[in-house]
Amino acid sequence: MKTILIYESTHHGNTKKLVDAVAERYGIRTATVEEAVAMDLSAYDRIGIASGVAFGKFYEATERFVGDSLPKGKEVFFLYTCGNDSGKYANSVSAKAAARGCKVLGVYGCRGFDTFGPFKLVGGIAKGHPTQEEIDGAVDFYGSLAD
(Lines give C-alpha, C1' and ligand atoms only; values in the text may rest on other atoms or scores of the structure.)
Protein backbone atom coordinates (compact mmCIF):
# COMPACT_ATOMS: atom_id res chain seq x y z
CA MET A 1 0.00 0.00 0.00
CA LYS A 2 1.55 3.28 -1.12
CA THR A 3 1.34 5.87 1.66
CA ILE A 4 2.33 9.51 2.10
CA LEU A 5 2.26 11.47 5.34
CA ILE A 6 1.50 15.16 4.86
CA TYR A 7 2.22 17.45 7.79
CA GLU A 8 2.30 20.95 9.20
CA SER A 9 4.54 21.37 12.23
CA THR A 10 5.33 24.86 13.46
CA HIS A 11 6.38 26.36 16.80
CA HIS A 12 8.36 23.53 18.48
CA GLY A 13 8.35 20.71 15.91
CA ASN A 14 6.20 18.47 18.10
CA THR A 15 4.17 17.01 15.23
CA LYS A 16 7.26 16.50 13.09
CA LYS A 17 8.65 14.20 15.79
CA LEU A 18 5.65 11.90 15.30
CA VAL A 19 5.87 12.16 11.51
CA ASP A 20 9.59 11.39 11.42
CA ALA A 21 9.23 8.36 13.70
CA VAL A 22 6.35 6.85 11.69
CA ALA A 23 8.05 7.58 8.37
CA GLU A 24 11.36 6.08 9.49
CA ARG A 25 9.80 2.92 10.90
CA TYR A 26 7.55 2.22 7.91
CA GLY A 27 9.46 3.83 5.02
CA ILE A 28 6.71 6.34 4.29
CA ARG A 29 7.26 9.40 2.15
CA THR A 30 6.55 12.74 3.84
CA ALA A 31 5.68 16.19 2.51
CA THR A 32 4.72 19.47 4.07
CA VAL A 33 1.22 20.77 3.40
CA GLU A 34 2.75 23.46 1.18
CA GLU A 35 4.56 20.82 -0.90
CA ALA A 36 1.51 18.55 -1.06
CA VAL A 37 -0.73 21.23 -2.56
CA ALA A 38 1.41 21.16 -5.71
CA MET A 39 1.77 17.35 -5.84
CA ASP A 40 -0.18 14.75 -7.77
CA LEU A 41 -1.33 12.46 -4.96
CA SER A 42 -3.40 10.13 -7.12
CA ALA A 43 -0.83 7.31 -6.91
CA TYR A 44 -1.15 7.08 -3.13
CA ASP A 45 -3.60 4.59 -1.63
CA ARG A 46 -3.36 5.98 1.90
CA ILE A 47 -2.76 9.55 3.01
CA GLY A 48 -1.82 10.59 6.51
CA ILE A 49 -2.46 14.11 7.69
CA ALA A 50 -0.52 15.43 10.68
CA SER A 51 -0.78 18.82 12.33
CA GLY A 52 -0.44 20.81 15.45
CA VAL A 53 -3.61 22.24 16.96
CA ALA A 54 -4.60 25.89 17.31
CA PHE A 55 -7.94 27.23 18.47
CA GLY A 56 -9.40 23.74 18.83
CA LYS A 57 -8.61 22.33 15.38
CA PHE A 58 -5.78 21.44 13.02
CA TYR A 59 -3.72 24.36 11.69
CA GLU A 60 -5.56 26.46 9.13
CA ALA A 61 -3.47 25.44 6.10
CA THR A 62 -3.99 21.76 6.98
CA GLU A 63 -7.75 22.23 7.38
CA ARG A 64 -7.83 23.98 4.00
CA PHE A 65 -5.77 21.23 2.35
CA VAL A 66 -8.11 18.51 3.58
CA GLY A 67 -11.20 20.43 2.47
CA ASP A 68 -9.89 21.52 -0.92
CA SER A 69 -6.99 19.33 -2.06
CA LEU A 70 -7.27 15.91 -0.45
CA PRO A 71 -7.89 13.43 -3.29
CA LYS A 72 -11.33 11.88 -3.17
CA GLY A 73 -11.90 8.29 -2.15
CA LYS A 74 -8.58 7.66 -0.36
CA GLU A 75 -7.91 5.96 2.95
CA VAL A 76 -6.81 8.62 5.43
CA PHE A 77 -5.54 8.80 8.99
CA PHE A 78 -4.72 11.70 11.26
CA LEU A 79 -1.97 12.52 13.75
CA TYR A 80 -1.79 15.60 15.93
CA THR A 81 -0.05 17.20 18.89
CA CYS A 82 -1.61 19.75 21.23
CA GLY A 83 -1.04 21.49 24.54
CA ASN A 84 -4.03 19.87 26.22
CA ASP A 85 -5.89 17.06 24.49
CA SER A 86 -9.69 17.19 24.30
CA GLY A 87 -9.89 14.17 21.99
CA LYS A 88 -11.97 16.21 19.52
CA TYR A 89 -9.32 18.11 17.57
CA ALA A 90 -9.56 15.90 14.48
CA ASN A 91 -13.36 16.16 14.21
CA SER A 92 -13.29 18.95 11.63
CA VAL A 93 -10.70 17.34 9.33
CA SER A 94 -12.36 13.94 9.70
CA ALA A 95 -15.68 15.41 8.56
CA LYS A 96 -13.99 17.16 5.63
CA ALA A 97 -12.26 13.92 4.57
CA ALA A 98 -15.52 11.98 4.83
CA ALA A 99 -17.25 14.63 2.71
CA ARG A 100 -14.62 13.96 0.03
CA GLY A 101 -15.51 10.26 0.07
CA CYS A 102 -12.43 9.23 2.03
CA LYS A 103 -12.37 6.40 4.54
CA VAL A 104 -11.04 7.65 7.88
CA LEU A 105 -8.95 4.83 9.37
CA GLY A 106 -8.27 6.47 12.71
CA VAL A 107 -6.80 9.31 14.73
CA TYR A 108 -3.82 9.50 17.06
CA GLY A 109 -3.20 12.56 19.19
CA CYS A 110 -0.90 13.39 22.06
CA ARG A 111 0.36 16.34 23.99
CA GLY A 112 3.09 18.61 22.69
CA PHE A 113 5.01 21.48 24.28
CA ASP A 114 2.90 24.62 23.79
CA THR A 115 3.93 28.26 24.25
CA PHE A 116 1.23 29.78 22.07
CA GLY A 117 -0.51 32.95 23.23
CA PRO A 118 -0.99 33.23 26.99
CA PHE A 119 0.89 29.97 27.64
CA LYS A 120 4.11 31.82 26.76
CA LEU A 121 3.65 33.99 29.86
CA VAL A 122 3.93 30.96 32.14
CA GLY A 123 6.74 29.25 30.23
CA GLY A 124 4.42 26.99 28.26
CA ILE A 125 2.44 23.86 29.02
CA ALA A 126 3.07 20.18 28.34
CA LYS A 127 6.81 20.59 28.77
CA GLY A 128 8.72 17.50 27.71
CA HIS A 129 5.99 16.35 25.32
CA PRO A 130 5.73 14.48 23.12
CA THR A 131 7.53 11.92 25.21
CA GLN A 132 9.26 8.92 23.67
CA GLU A 133 6.30 6.84 24.81
CA GLU A 134 3.90 9.16 22.94
CA ILE A 135 6.09 9.08 19.83
CA ASP A 136 6.17 5.28 20.02
CA GLY A 137 2.38 5.40 20.39
CA ALA A 138 2.12 7.13 17.02
CA VAL A 139 4.30 4.45 15.45
CA ASP A 140 2.18 1.71 17.03
CA PHE A 141 -1.01 3.47 15.90
CA TYR A 142 0.13 3.43 12.29
CA GLY A 143 1.17 -0.19 12.61
CA SER A 144 -2.29 -1.09 13.83
CA LEU A 145 -4.04 0.22 10.70
CA ALA A 146 -5.28 -2.62 8.53
CA ASP A 147 -3.65 -3.00 5.12
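I looked up Arg64 first: at 44% relative accessibility, Arg64 counts as partly exposed (buried is under 20% relative accessible area, exposed over 50%, partly exposed in between, with a 1.4 Å probe and protein chains only). This is a predicted model, where local features need pLDDT of at least 70, side-chain atom pairs count only at pLDDT 80 or more, and totals for chains, interfaces and linings use all residues. Residues are numbered from 1 along each chain as its sequence is written, and side-chain values use heavy atoms, with hydrogens and water left out.

**Salt bridges.** I took a side-chain nitrogen of Lys or Arg within 4 Å of a carboxyl oxygen of Asp or Glu. I got four by this rule.

Arg64 pairs with Glu60 at 3.2 Å, N to O. Both sit in helix H3 (residues 60-68), four residues apart, about one turn of the helix. Helices here are DSSP runs of H or I, at least four residues; strands are runs of E, at least two; both are numbered from the N terminus. Glu60 is exposed at 61%.

Next I checked Glu63, which bridges to Lys96 at 2.9 Å, N to O. Glu63 is in H3 and Lys96 in helix H4 (residues 91-99), so the pair ties together parts 33 residues apart in sequence. Glu63 is buried at 3%; Lys96 is partly exposed at 29%.

I then found Arg46 bridged to Glu75 at 3.2 Å, N to O. The pair links strand S3 to strand S5, 29 residues apart. Arg46 is buried, at 0% relative accessible area.

**Helix H5.** I noted seven names on the buried list, including Glu134, Gly137 and Tyr142.
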